[in-house]
Amino acid sequence: MIIYPDIELQKGRCVNLRRGRSEEPIVYDIDPIEAARDFAAQGAEWIHVVDLDAVFNQGDNAEVIQRIIGEAGCPVQVGGAIRSMERVHHWIDAGAQRVVLATAAVKTPHLVKEAATSFPGQVVVSVDARGGHVVVEGWREATIFTPVDFARQFEDVALAAIIYTDIDRDDDQPDSSLSHVTELAAGVKTPVIASGVVKTLEDVSVLQYLPNIAGAITSRALFGGTFTLAEALAIAREPAPEPAPFL
């Protein structure tokens, strides 16, 4: 399983948003480029970068992301208001190994198919869900889609992965669990990357045993010092046990 350190950018800073509130960011006192280099030095196989200013139509962090791509020392997947083939081409041409489509996947699903046809294995669909339904526009707009039904429309598309963000668990809702990401992973053929669910090293260990979970994105636990990337990688790289034979 791959651990994806998540660098979320707002006004050039590393931040994290609780409940998706752009006006109340948790700001981390570390330079984003230095953070990316540090993650790579600890053994990161990928880095996940999100431009929150682009998501909320408050500018962008394109220059910072470009530097991360050029200086991180490992592959980077980029998300944040990528809603046209022009933007897909822009980031692939800029050196991003993958682009992440979120709101665009809901509102213009043909873009996912066009992008994946042009760049097979380099397009990721992000499915963000709250209360059992997909949400878009920075978690501000609910849809009628359930995560599984929404994701299944892309079964025959050459995606690299599906990112599933369980917002209820990310928000520390008391009834949240890993059941939602487990259900999605079991319901689709595309590899699933879990997001918003890793709070402890135990969560990493549990995810490793779930079928079709190819990775986990984590930000707050890393920047907050709950564990280091090296510690998470050590667990994620342990070989999963073989299923017990039927007697």
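The lining of the largest pocket is made up of 19 nonpolar, 14 polar and 8 charged residues. These values come from a predicted model. In total, 41 residues line the largest pocket, and the space inside comes to about 800 Å³.

Two helix pairings can be described next. In the first, helix α1, which spans residues 32-41, packs with helix α3, which spans residues 62-71. Their axes are 9 Å apart, and the packing angle is about 25 degrees. Since angles under 35 degrees count as roughly parallel, α1 is therefore roughly parallel to α3. The crossing of α1 and α3 has a right-handed sense. On the α1 side, the contact is formed by P32, I33, A36 and R37, while α3 contributes V64, R67, I68 and E71. Sorted by class, the contact of α1 with α3 holds 5 nonpolar and 3 charged residues, with no polar ones.

The second pairing brings together helix α10, covering residues 201-208, and helix α12, covering residues 229-236. Here the axes come within 9 Å and cross at roughly 25 degrees. With the limit for a roughly parallel pair set at under 35 degrees, α10 and α12 are therefore roughly parallel to each other. The crossing of α10 and α12 is right-handed. From α10, the residues L201, V204, S205 and Q208 meet E231, A232, I235 and A236 of α12. The contact of α10 with α12 includes 5 nonpolar residues, together with 2 polar and 1 charged.

Conventions: Residues numbered from 1 in each chain as written. Predicted model: local features only at pLDDT ≥ 70, side-chain atom pairs only at ≥ 80, totals over all residues. Heavy atoms only, no water. Axes fitted to C-alpha atoms, helices over the stretch in contact; angles between N-to-C directions. Helix = DSSP H or I, 4+ residues; strand = E, 2+ residues; numbered from the N terminus. Parallel < 35°, antiparallel > 145°, perpendicular 65-115°, else oblique. Left-handed = near helix turned anticlockwise from the far one by under 90°. Contact = heavy atoms within 4.5 Å. Nonpolar A, V, L, I, M, F, W, Y, C, P; charged D, E, K, R; others polar. 1 Å grid on protein atoms, 1.4 Å probe; cavity = no way out; pocket = protein on both sides within 12 Å on 5 of 7 lines; lining within 4 Å. Points joined across faces, edges and corners; volume = space filled by probe spheres on them.
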